[in-house]
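Hi everyone, thanks for coming. Today I'd like to walk you through one protein model, step by step. Please have a look at it first.

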Amino acid sequence: MSLDLPPTLASGGCRTSPVLKERGQREVFCGLTGIIWLHRKMQDAFFLVVGSRTCAHLLQAAAGVMIFAEPRFGTAILEEKDLAGLADANAELDREVARLLSRRPDIRQLFLVGSCPSEVIKLDLARAAERLSGMHAPHVRVYNYSGSGIETTFTQGEDACLAAMVPTLPSTTARELLVVGALPDVVEDQCLSLLDALGIGPVRMLPARRATDLPAVGPNTVFALVQPFLGDTHATLTRRGARHLAAPFPFGEEGTTLWLRAVAREFGVDEATFDRVTAAPRARALKAIATQSAELRGKSVFFFPDSQLEIPLARFLARECGMTPIEVGTPYLHDALHGPDLDLLPAGPTISEGQDVEKQLDRQHAAKPDLTVCGLGLANPLEAKGFATKWAIELVFTPVHFYEQAGDLAGLFSRPLRRKALLGKEVAQ
Ligand code: SF4
């Protein structure tokens with residue numbers, strides 16, 4: 001094994017492939033969705049959506065069954081008089097926040113989350129956050145970001161949330177590794193334990209589980225992203241002087257190894273140590289993928305743009321599971337983030353950015369893929385037409401990063417194919 005990143009494929013990767021850019025009707029969830037996993041991760045944070053009853057219903061429908069403790073999100077509902085400008089929405093917001101914070105002294109970070117209605121009436125939540133921070137400091141820090149569906153896809157909610165925090169992080173000149181992106185706690189622990197075994201530290205996380213663990217940032221911070229949808233966070237960290245470690249994302253055995261290798265190389269870890277630490281989990285991951293990917297080999301896959309995980313997942317399915325991507329659609333393409341995965345994705349698929357859903361459905365119907373990865377809104381109609389589908393949102397809600405989850409990740413794609421094969425047998429009988 002070597003500590004170098006592998007060269008681009010002999011056949012050429014997809015980094016320089018022409019990109020089909022589309023700007024038409026989109027079928028995506030809004031950025032409020034991110035609250036569902038962020039409120040679990042940040043244990044002293046509260047997400048207050050300033051929105052409508054529709055926003056409240058979306059959150060309750062999506063997160064209602066997942067609540068395991070007192071909820072750390074809610075909606076300040078804009079009534080008709082607010083929308084018509086007949087009431088002072090700022091005064092009402094101040095009152096609601098004061099009531100919430102007096103009831104919940106455990107809250108240390110409060111996020112005011114903008115929505116379509118708050119943006120339509122141009123409620124200035126940035127000023128509100130500043131004002132409320134002043135009123136409730138030092139116990140509570142108030143941030144704001146937009147989760148509106150006007151211009152977003154659902155994973156942009158996390159990006160906007162983290163990007164809002166970066167300018168407020170303290171400064172440091174310490175040489176530290178910052179791992180950026182929300183991971184389920186169990187996966188975060190695995191990541192930290194691998195980095196610790198490699199002798200890399202200190203390691204900071206963004207988001208942190210508690211406000212007291214928030215990282216500091218400065219010119220000697222190097223950061224590695226674990227989620228491919230953090231373009232704005234990448235930009236704000238870079239503006240603070242931190243340096244990005246470009247690497248494929250830690251999905252599958254190969255992605256995890258290359259991500260760790262990029263970090264190990266930066267921190268001068270020798271090859272023998274890298275091999276010793278990674279050999280056993282790599283072997284476990286390869287075995288688990290082999291079991292799950294038997295049904296995937298030789299099958300084709302079509303990605304509609306949704307989660308922004310499409311490019312690294314296409315790389316994983318092509319290189320580790322033997323699938324053939326036909327089209328890999330992504331809402332946004334960031335070369336700095338997605339370039340290393342595009343280098344490894346075998347040439348051939350159409351790479352598309354943005355969406356014109358009718359045209360894309362025509363392409364998908366013509367291609368007749370074995371598996372289609374898409375949003376919830378498209379999945380049922382496609383299933384009704386006989387296509388096997390995988391809901392992209394499940395890939396964000398399920399632990400899929402690093403070695404121990406590699407088999408589960410392959411399993412998420414093999415299950416719909418297995419189900420379709422079983423249903424086909426039943427119909428034939
Ligand atoms: S933010 Fe917009 S898209 Fe999202 S639930 Fe509210 S109204 Fe709907």
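This is a predicted model: local features need pLDDT of at least 70, side-chain atom pairs count only at pLDDT 80 or more; totals for chains, interfaces and linings use all residues.

Let me begin with a term we'll need: two strands pair if DSSP finds at least two bridges between them. Here is a case to look at: in β5, Val142 is the bridge partner of Leu110.

Four strands make up an open sheet, and their order is β3-β2-β4-β5, with parallel pairing. Which strands are at the edges? They are β3 (73-77) and β5 (141-146), and each of them pairs on one side only. From one strand to the next, the twist averages 25°. As a bit of background, strands of a sheet pair through backbone hydrogen bonds, either parallel or antiparallel.

A helix packs on this sheet too: α2 touches β2 (45-51) and β3, and its direction makes about 165° with that of β3.

That helix brings us to the ligand. Which helix gives the most to the shell around the ligand? It is α2, residues 53-63, with three residues. The residues around the ligand include Cys30, Leu32, Gly51, Ser52, Thr54, Cys55 and Leu58. Also among them are Ser115, Cys116, Gly147, Ser148 and Gly149. If we sort the shell by class, we find five nonpolar residues, seven polar ones and no charged ones.

Next, the domains. The domain assignment gives domain 1 (19-26 + 292-428), domain 2 (31-152) and domain 3 (176-274). The C-alpha centres of domain 1 and domain 3 are 26 Å apart. How many residues of domain 1 are in contact with domain 3? There are 27, and they meet 24 residues of domain 3. On the side of domain 1 that touches domain 3, α12 (310-320), α13 (335-344) and α17 (406-428) each supply at least two residues. By class, that side has 16 nonpolar, six polar and five charged residues.

Finally, the whole protein. It has 17 helices and 14 strands. Its C-alpha atoms fill a box of roughly 60 × 55 × 40 Å along the principal axes. With 429 residues, a compact globule would have a radius of gyration near 22 Å, and the protein has 22 Å, so the two agree.

That's my tour, and I'm happy to take questions!

Notes
Residues are numbered from 1 along each chain as its sequence is written. A residue is near a molecule or strand if its C-beta atom, placed from the backbone, lies within 6 Å of it. Ala, Val, Leu, Ile, Met, Phe, Trp, Tyr, Cys and Pro count as nonpolar, Asp, Glu, Lys and Arg as charged, and the others, Gly among them, as polar. Domain bounds come from an automatic or database domain assignment. Two residues are in contact if their C-beta atoms, placed from the backbone, lie within 7 Å. Axes are lines fitted to C-alpha atoms, for helices over the stretch in contact, and angles run from 0 to 180 degrees between N-to-C directions. The radius of gyration is taken over C-alpha atoms; the globule rule is 2.2 Å times the number of residues to the power 0.38.
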